[in-house]
Amino acid sequence: MCVMPQVLFQLSDQVFDPARLRQEMLAASSGAYVSFEGWVRDNHAGRAVTSLSYHAHPLLALSEGERVMQDALCRFTVNDARCVHRVGALQLSELAVWVGVSAGHRDAAFAATRYIIDEIKARVPIWKHEHYVAGAPLWLHQNPASS
């Protein structure tokens with residue numbers, strides 16, 4: 001059984017600083033650091049997007065998010081992994097989700113980062129409410145196949 005040293009998955013209703021999070025992950029045993037940033041884009045499925053909001057079931061999202069992080073720590077040879085997902089209203093180009101992984105080697109860091117974002121999108125109860133230039137807004141559950 002792998003043991004998590006701290007909270008590794010967070011929900012945030014405020015803008016956060018990925019550079020500060022990266023700094024917290026620095027360790028002499030890490031030779032690699034990989035991060036992923038997901039931003040709000042201006043289109044989805046051929047429709048012009050004006051803004052969106054993320055909504056989560058907080059207790060379930062935090063619990064399942066921690067399970068994803070635990071799975072990643074157990075599956076890959078990494079030193080640290082963190083994820084922060086925004087909730088609330090976001091504008092175009094805002095940071096919506098961040099994943100950071102440090103490891104002794106780059107292969108594990110890349111693999112764990114990809115695993116974490118895909119599993120967060122597939123397993124964690126977070127829903128996106130997209131607002132469009134034309135037409136009614138839509139509720140979307142995150143899907144690992146969508147980018």
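Two strands are taken to pair if DSSP finds at least two bridges between them, and the elements named here are DSSP runs numbered from the N terminus, helices being H or I with at least four residues and strands E with at least two. The model is a predicted one, in which local features need pLDDT of at least 70 and side-chain atom pairs count only at pLDDT 80 or more, while totals for chains, interfaces and linings use all residues. Residues are numbered from 1 along each chain as its sequence is written, and side-chain values use heavy atoms, with hydrogens and water left out.

Four strands make up an open sheet of mixed pairing, in the order β1-β5-β7-β2, with β1 (9–12) and β2 (32–39) as the edge strands, each of which pairs on one side only. Strands β2 and β7 (residues 95–103) run antiparallel and are joined by 8 bridges; among the residues concerned, Tyr-33 has Ser-102 in β7 as its bridge partner.

| Helix | Strands touched | Angle with β7 |
|---|---|---|
| α1 (residues 18–25) | β2, β5 (80–86), β7 | about 15° |
| α3 (residues 106–123) | β1, β2, β5, β7 | about 145° |

Ser-102, placed in strand β7, counts as buried because its relative accessibility is 2%, where buried means under 20% relative accessible area, exposed over 50% and partly exposed in between, with a 1.4 Å probe and protein chains only. Not counting residues up to four places away in sequence, Ser-102 touches Met-25, Ser-30, Ala-32, Tyr-33, Val-78, Asn-79 and Asp-80.

Definitions and conventions. Contact = heavy atoms within 4.5 Å. Axes fitted to C-alpha atoms, helices over the stretch in contact; angles between N-to-C directions.
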